[in-house]
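Here are my notes on the model, as numbered points.

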Amino acid sequence: MTTVDGTTGTTTGARTVEVRYFAAAAEAAGRDAERVEVPADATVGGLLDLLAARHGDALGAVAARCALLVDGVLHRDRDEPVGTPARVDVLPPFAGG
C-alpha cells in the first residue's frame, strides 16, 4: 500500500482512516468514501497529494481548493499535521448559503 509519505508498506504509527468526499471532491474521486493508510506525521498537504495521486488530475485540481475536517476539526494549512484521525472529510468550497 502507498502511504501519505510516498513509501510502500506499513509506516510506523500509521493507521487506516475513513476518507469521505463531498460535492465536487466526490465527483472527481469517483466515490463517496474510501479507506486510506495515514502515518502519524502526515500533513494536510501530504494527504491531499496522496488522494490526488490515487484519483488523478481532476481530484488534484479540486483538492487544491479543499479544506479537511479531521475528526470534525477544520484543517486548511497544507503544512498542518493531520495526526492519526479516525475520519477525514474532504470539503471543496460550497456556493450559496
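1. A nonpolar core is here a set of buried Ala, Val, Leu, Ile, Met, Phe, Trp, Tyr and Cys residues joined through side-chain atoms within 4.5 Å. The model is predicted. Its largest nonpolar core has 24 residues, and Val-19, Tyr-21, Leu-51, Leu-68 and Val-90 have the most contacts inside it. At least two core residues come from each of β1 (15-21), α1 (24-29), β2 (33-38), α2 (44-55), α3 (57-63), β3 (67-70) and β5. The largest share, five residues, is supplied by α2.

2. Beyond four places in sequence, Val-19 touches Asp-32, Ala-33, Glu-34, Val-36, Leu-51, Val-88 and Val-90.

3. Five strands form an open sheet with mixed pairing, in the order β2-β1-β5-β3-β4. The edge strands are β2 and β4 (73-75); each has a single partner strand, so one side of each lacks a neighbour in the sheet. On average, neighbouring strands are turned by 30 degrees against each other, direction ignored.

4. β1 and β5 run parallel and are joined by four bridges. Tyr-21 has Val-90 in β5 as its bridge partner. Helix α2 packs on the sheet and touches β1, β2, β3, β4 and β5. The direction of α2 makes about 125 degrees with that of β2.

5. Asp-89 lies in β5 (residues 87-91) and is buried, with a relative accessible area of 7%. Which side chain does Asp-89 join in a polar contact? The partner is Arg-20, at 2.7 Å. Not counting residues up to four places away in sequence, Asp-89 touches Arg-20, Phe-22, Ala-67, Leu-68 and Leu-69.

Methods:
Residues are numbered from 1 along each chain as its sequence is written. This is a predicted model: local features need pLDDT of at least 70, side-chain atom pairs count only at pLDDT 80 or more; totals for chains, interfaces and linings use all residues. Side-chain values use heavy atoms; hydrogens and water are left out. Buried means under 20% relative accessible area, exposed over 50%, partly exposed in between (1.4 Å probe, protein chains only). A polar contact is a pair of N or O atoms within 3.5 Å; within protein, one must be able to donate a hydrogen and the other to accept it, and residues adjacent in sequence count only if both atoms are side-chain atoms. Contact means heavy atoms within 4.5 Å. Two strands pair if DSSP finds at least two bridges between them. Axes are lines fitted to C-alpha atoms, for helices over the stretch in contact, and angles run from 0 to 180 degrees between N-to-C directions.
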